[in-house]
Amino acid sequence: MRIASALLAALTPLAAGAVTLTVNGLSQEVRIGGKDCKSLQLVSRWDLGVTPTGTDRVRLIGARNGSGACSSTSATTSPDRTFIDRTPTAQSESTTISASDMVLSTADGGVQPCDDPDVASRSSANPLTNMLCVQYSPSSAFGSGSVSTASVNVKYALAPPFPPIDIGVAPGDGHLKLSWSPGDPGEIIVQYDVHVEPEAGGVDGGVAATVTSAHADVSTTDDGRPLQNDAGYFITIIATDSYGNVSQPSLDVLAFPVATADFYNHYRDLGGSARGCASGGASVWIAGIAIALALLLRRRSKARNGASLVALLAVLAPGARAAESERQPRFLIGFKIDRYDPKVDSEPGLAGTPYHDVFGSRRPLRYQLEFDWEVAHPFGALLVGATVGFWQNYGKAILRSSPPGNPQPSQDTTVLNVFPIGLIATYRFDWLTNRWARFPFIPYAQAGLMRALWMSYNGKGDVPRDPVNGGNGRGWTNGYTAALGLALNLNVIDVELAREAYLDTGIQRTSLFAEYGWTYLSDFNRRGALILTDRAWRFGLAVEF
């Protein structure tokens, strides 16, 4: 028993755990900038992973960039330094050394480490990387054991970053959109301070914006006063790198906010009648769709009870699975896209074309998701369901200084979002497809009620208001929709594989479809609506289960 205990004690150092090291709480690297080099203290803490014995050895070494001192047990040579070389007193210990001592300068005598030209000239693009490491050499009855090490990089970048360059300004209505480039693309910039001062002076301290990317949208001066259209403001930008070094201010740029009309205000200026409304107007429609879906799910629950009986019969009847595989689909989910171009400019009484003045000929994609319940199969399938979609267009606001009848685009942006929702009924003539598995075509017709939430945004990202005529850039337009289409049953590609997919996943049919749709959104031709009527080809994918 005594021999075993002695052997265990002799072998314990060989089973030492991993050595860990942190410097100021960091285990990967410590970054030191110009303001910290002469004052910062580096608190080094290490854990040997095992309780040391009286004959073990621990060393704390500073290794110059490119040196191999941390992997060697030999005595260090200048400029490398050994800060500790002794028997450890505990498993976890710590010590403090100055950041300047870890510079490990190679300069001539009399030059302070942090004033070493090789270090002082380094920026975040080319920092000096030294290494602080701990070595643990456990002893054993069989001689010296293996050496365990842990290290943390200590990086120095004492030179300030270059000031930002190439400042660009896109003037907007009461704000300025700014962009720029770093003075040196290789530098690691973590923050930009944007300063905005009136051309006439009078600002005392502060910062207009603090950002982490090379662009900003400012609407106030350094002291928080709103920017005024047609007034001059000096823009300067200061960069801060990841070492805490601060650049000199960039060259100042003089910029002038300009009065613009976003989409909604330009529409109102030309006689548009839509005054908008609070978003709470959606409550009735949302409640209606929720009730409809709840009823569908209730009916589906009843269908599941019937399905339980079928499942029981499937256990008793060998042919039940085949019969089940031929039942009619119950639900359909479809996804469709189309090019949407709302006929806003068709409103009677408009003194121009506000929509196309702002958005031009762009016809962005509209995305719609449809869910249907197949309620009956009278020589085909009759479906009822709901649809929801999203569409967005962006353009340039109009300069209010434009000559009458000749709207000029500004550099300010404006956005129009449309969220269509609806209740629809569909008839799909799938009788032939259900009778002949390799018949691919399913014609269908669709109609329903639609309601669309439209939201306009100005260059600041706010929903605009019409200060002259009243109204706000958010509202609802009601109407109806219809479509004629043709679906292509993809099951015909491999009928047997499609049957296996149904048995495994419950998906009974997958199809591609194309339809020509009409969307009539004009509040049934009543005045005061933003007209969102459109007609277009739509394409999509549907699954039935």
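Is Tyr367 buried, exposed or partly exposed?

1. First, some background. This is a predicted model, in which local features need pLDDT of at least 70 and side-chain atom pairs count only at pLDDT 80 or more, while totals for chains, interfaces and linings use all residues. Residues are numbered from 1 along each chain as its sequence is written, and side-chain values use heavy atoms, leaving out hydrogens and water.

2. Now to the opening question. Tyr367 is partly exposed, at 39% relative accessible area (buried means under 20%, exposed over 50%, and partly exposed in between, with a 1.4 Å probe and protein chains only). Look for Tyr367 in strand S20 (strands are DSSP runs of E, at least two residues; helices are runs of H or I, at least four; both are numbered from the N terminus).

3. Tyr367 also belongs to a nonpolar surface patch, together with Ile333, Phe335, Leu369, Val388 and Phe390. Strands S19 (331-339), S20 (365-376) and S21 (381-399) each give two or more residues to this patch.

4. Finally, visit Ser139 in strand S8 (residues 139-140). Ser139 counts as buried because its relative accessibility is 17%. Its side chain makes a polar contact of 2.3 Å with that of Thr55 (a pair of N or O atoms within 3.5 Å; within protein, one must be able to donate a hydrogen and the other to accept it, and residues adjacent in sequence count only if both atoms are side-chain atoms).

How values were computed: Patches are made of residues with over 30% relative accessible area and no salt bridge: like charges are joined within 9 Å, nonpolar side chains (Val, Leu, Ile, Met, Phe, Trp, Tyr) within 5 Å. Accessible areas come from the Shrake-Rupley method with a 1.4 Å probe; for residues, only the protein chains shown count as cover. A salt bridge is a side-chain nitrogen of Lys or Arg within 4 Å of a carboxyl oxygen of Asp or Glu.
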